[in-house]
Amino acid sequence: VLVKMEKPSPGLISYLRQRVSTAKAGGHAELAACVEQIIRDLETAFPEQKAGDLAAPELSVVIPTFNRKDKLLRCLQKLSRQSLPAAQFEVVVVDDGSTDGTEELLRAQKFPFALRHFKQANKGPAAARNRGIQEARGGIVVFLGDDIYAPPDLLNDHLRHHRLFPDDHEALLGHIAWADESPVTPFMEFI
């Protein structure tokens with residue numbers, strides 16, 4: 001079977017490597033061997049992916065934003081204080097057509113983690129999250145709102161959970177403690 005494939009998503013090979021580990025740990029050596037062959041085929045067809053993918057983080061934090069640069073900056077500052085080493089995660093900000101100087105703010109900042117920023121025409125937060133998934137290089141994606149101020153162990157706890165429960169269908173949700181300056185609606189209280 002021949003399949004024409006455009007350049008694969010940057011995190012695909014990392015993801016497949018994780019699936020090999022999961023298959024081996026589950027005693028599925030034949031499946032692991034098949035996925036390893038797919039990885040070799042991809043690395044042969046797309047050699048630039050091999051080198052770039054080795055540095056792919058385990059976890060990608062995707063943050064959609066629209067005209068909330070001050071909240072976004074505070075969110076990113078909190079991510080700078082994570083207990084998870086910065087080399088193990090990246091932050092992908094998708095600017096959904098902001099006109100408040102978000103792009104300039106991001107270019108002027110330095111963070112201890114890899115920050116990648118993508119701007120698109122305003123399509124709403126769902127489209128921005130989808131773009132973030134496409135751009136994410138990590139095998140695990142964590143979605144944060146630009147008004148979520150992460151406690152120091154958030155990413156470490158998230159990664160620990162996924163290591164304990166490596167199933168592809170596993171998701172982790174947590175309680176949100178809303179910032180004092182945010183008006184809390186009944187829906188926000190519910191979640």
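A residue is called exposed when its relative accessible area is over 50%, buried when that area is under 20%, and partly exposed in between. Arg81 has a relative accessible area of 53%, and it therefore counts as exposed. Please keep in mind throughout that this is a predicted model.

Let me stay with Arg81 for a moment. Arg81 is located in the loop between helix H4, residues 69–79, and strand E2. The Arg81 side chain comes to 3.5 Å from the backbone oxygen of Gln77. Arg81 and Asp153 are 72 residues apart along the chain, and their C-alpha atoms are separated by 8.9 Å.

Gln109 is found in the loop between H5 and E3. With 27% relative accessibility, Gln109 is partly exposed. Its C-alpha atom is 8.9 Å from that of Leu73, which is 36 residues away along the chain.

I turn now to charged residues. Side chains of opposite charge can pair when their charged atoms come close. How many salt bridges does the structure hold? There are ten salt bridges.

Glu90 takes part in a salt bridge with Arg116, at 3.0 Å from N to O. Is Glu90 buried or exposed? Its relative accessibility is 0%, so Glu90 counts as buried. Arg116, by contrast, is partly exposed, at 21%.

Glu90 also forms a salt bridge with Arg137, here at 3.1 Å from N to O. This pair, too, links distant parts of the chain: Arg137 sits in the loop between helix H6 (125–135) and strand E4 (140–143), 47 residues apart from Glu90 in E2. Both Arg137 and Glu90 are buried.

A further salt bridge joins the side chains of Lys119 and Glu103, at 3.9 Å from N to O. Because Lys119 lies in strand E3 and Glu103 in helix H5, residues 102–108, this pair ties together parts that are 16 residues apart in sequence. Lys119 is partly exposed, with a relative accessible area of 37%, and Glu103 is partly exposed as well, at 22%. Lys119 and Glu103 also belong to a network of salt bridges that includes Asp95 and Arg107.

Asp95 leads us to Ser98. The side chains of Ser98 and Asp95 are joined by a polar contact of 2.7 Å. Ser98 is placed in the loop between E2 and H5, and with a relative accessible area of 6% it is buried. Leaving aside residues up to four places away in sequence, Ser98 touches Thr65, Phe66, Asn67 and Lys119.

Next, the strands. Strand E1, residues 59–65, pairs with E4 in the parallel sense over four bridges. Within this pairing, Ser60 stands opposite Val141 in E4.

In soluble globular proteins, nonpolar side chains tend to be buried together. Which residues touch the most other members of the largest nonpolar core? Of its 24 residues, they are Val61, Ile63, Leu76, Leu79 and Val91. The elements giving two or more residues to this core are E1, H4, E2, H5, E4 and helix H7 (154–164). H4 provides the largest share, namely five residues.

Consider Ile63 in particular. Apart from residues up to four places away in sequence, its contacts include Leu72, Cys75, Leu76 and Leu79, then Val91, Val92, Val93 and Val94, and also Leu144, Gly145 and Asp146. There is a second, separate core of nine residues, and Ile13, Val20, Ile39 and Phe46 are among them.

Finally, a word on cysteines. The number of disulfides is zero. Cys34 is partly exposed, with a relative accessible area of 45%, whereas Cys75 is buried, at 0%.

I shall be glad to take questions.

Note on methods
Residues numbered from 1 in each chain as written. Predicted model: local features only at pLDDT ≥ 70, side-chain atom pairs only at ≥ 80, totals over all residues. Heavy atoms only, no water. Salt bridge = Lys/Arg side-chain N within 4 Å of Asp/Glu carboxyl O. Buried < 20%, exposed > 50% of the residue type's maximum accessible area, 1.4 Å probe, protein only. Disulfide = S-S within 2.5 Å. Polar contact = N/O pair within 3.5 Å; in protein donor to acceptor, adjacent residues only side chain to side chain. Pairing = 2+ DSSP bridges. Core = buried A, V, L, I, M, F, W, Y, C linked by side-chain atoms within 4.5 Å. Contact = heavy atoms within 4.5 Å.
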